Amino acid sequence: MALCLKQVFAKDKTFRPRKRFEPGTQRFELYKKAQASLKSGLDLRSVVRLPPGESIDDWIAVHVVDFFNRINLIYGTMAEHCSETSCPVMAGGPRYEYRWQDERQYRRPAKLSAPRYMALLMDWIEGLINDEDVFPTRVGVPFPKNFQQVCTKILTRLFRVFVHVYIHHFDSILSMGAEAHVNTCYKHFYYFIQEFSLVDQRELEPLREMTERICH
C-alpha cells in the first residue's frame, strides 16, 4: 500500500530548501491558480495551458520554480540510494551519459558522479531563481530577453534527474510506495514542456517508451 506523501517525502529529506512565492505578488496568485487546478482533478494537459490574459513568462517562471521544488524533493528522498559508489557517472542507463558544464568551475564538459552532478545542478538552478536579473520579482521589472532560453536549459537538466531516478532508482520509488506520485510529477512536467516546446525532443528519448505508456 502506498504511504501518504508526508511519509514518502519527509521534510528532512529535501535536497534544498523550498523556494516560495511572496504572498501578494502576481506570481503568488498564479502559483495558487496552478495549484488549485492541479488539486481539482482536471486533466494535466489542461492544467498546463496558459490562462487567458496571463503573461507566458510569468507562467513559465512559476512552473520552473515549482518543478525545481518537486524534483528537488524527489531526488532528496532518493539521495541515500545514489552515491559515488552506486552511481559513479551521471547517466540514464548504458546509452546516455550526462556531463556537467558551467561558467565557473567546469568550463569544459566534465564526467561526474550522479550525486556530484545533482548537487551542482541544484546549486546552479537555485542561483538563477534567486537572481533578480533572471527571475525578477519586483512589479514592473521585465524578464530578460533570453528568459525562455534560460528556462529551457533549466528544464532540460531537470529532465535528466527524472531519467536518472527512473532508470537507476526505480526500485527505491517502488519500495517507498511513491510510484504514483512520481509518475504524476513526471506527467505534469512532461505536458508542460510539450505545451510550450521547452525541451528538445532528442533529450526526451531516454524515457520515450515509458512516456508513451503513462502519458497516452
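Here are legends for several close-up views of this predicted model.

View 1. The protein chain has 9 helices and 0 strands. Read from the N terminus, the order of elements is simply α-α-α-α-α-α-α-α-α. Of its 216 residues, 50% count as buried. Take the contacts between residues at least 6 apart in sequence: 73% of them join residues at least 24 apart.

View 2. An unreviewed UniProt entry carries a "binding site" annotation on Cys 82, Cys 87, His 164 and His 169. As for side chains, His 169 and His 164 are joined by a polar contact of 3.2 Å.

View 3. Is Cys 87 buried or exposed? Its relative accessible area is 5%, and the cut-off for buried is under 20%, so Cys 87 counts as buried. Setting aside residues up to four places away in sequence, Cys 87 touches Cys 82, Ser 113, Ala 114, Pro 115, His 164 and His 169.

**View 4. Zooming in on His 169.** Here the loop is the one between α6 (147-168) and α7 (170-175). His 169 is buried too, with a relative accessibility of 4%. Which residues does His 169 contact, leaving aside its neighbours within four places in sequence? The list is Met 78, His 81, Cys 82, Cys 87 and His 164. With His 164, the side chains also make a polar contact, at 3.2 Å.

**View 5. Helix α4 against helix α5.** How do you describe two packed helices? By the angle between their axes and the distance between the axes. For α4 and α5, the angle is about 155 degrees and the axes are 11 Å apart. That makes the pair roughly antiparallel, and their crossing is left-handed. On the α4 side, Val 65, Phe 68, Asn 72 and Tyr 75 make the contact. The α5 side brings Ala 114, Pro 115, Met 118, Met 122, Ile 125, Glu 126 and Ile 129.

**View 6. Met 118, a closer look at α5.** Met 118 lies in helix α5 and is one of the residues meeting α4. Its relative accessible area is 0%, so Met 118 counts as buried. From Met 118 to Gly 76 is 42 residues in sequence, while their C-alpha atoms are 9.8 Å apart in space.

**View 7. Helix α4 against helix α8.** The axes of α4 and α8 come within 11 Å and cross at roughly 155 degrees. The two helices are therefore roughly antiparallel, and α4 passes α8 in a left-handed crossing. From α4, the residues involved are Trp 59, Ile 60, His 63, Asp 66, Phe 67, Arg 70, Ile 71 and Ile 74. They meet Val 182, Cys 185, His 188, Phe 189 and Phe 192 of α8.

**View 8. Helix α6 against helix α8.** Helix α8 (residues 179-195) and α6 have axes that come within 12 Å and cross at roughly 150 degrees. An angle over 145 counts as roughly antiparallel, so that is the label for α6 and α8. Their crossing is left-handed. Leu 155, Leu 158, Phe 159, Phe 162 and Tyr 166 are the α6 side of the contact. Facing them in α8 are Val 182, Asn 183, Cys 185, Tyr 186, Phe 189 and Ile 193. Val 182, Cys 185 and Phe 189 also meet α4.

**View 9. Asn 183, a polar residue of α8.** Asn 183 is found in helix α8 and counts as buried at 15% relative accessibility. Beyond its neighbours within four places in sequence, Asn 183 is in contact with Tyr 166 and Ile 214.

**View 10. Ser 197 and its positive phi.** Ser 197 is found in the loop between α8 and α9 (208-214). Its phi is near 50 degrees, a positive value in a residue other than glycine. Most residues other than glycine have a negative phi. With a relative accessible area of 65%, Ser 197 is exposed.

Notes. Residues numbered from 1 in each chain as written. Predicted model: local features only at pLDDT ≥ 70, side-chain atom pairs only at ≥ 80, totals over all residues. Heavy atoms only, no water. UniProt positions renumbered as here; feature names shortened; annotations may be inferred. Buried < 20%, exposed > 50% of the residue type's maximum accessible area, 1.4 Å probe, protein only. Contact = heavy atoms within 4.5 Å. Helix = DSSP H or I, 4+ residues; strand = E, 2+ residues; numbered from the N terminus. Polar contact = N/O pair within 3.5 Å; in protein donor to acceptor, adjacent residues only side chain to side chain. Axes fitted to C-alpha atoms, helices over the stretch in contact; angles between N-to-C directions. Parallel < 35°, antiparallel > 145°, perpendicular 65-115°, else oblique. Left-handed = near helix turned anticlockwise from the far one by under 90°.
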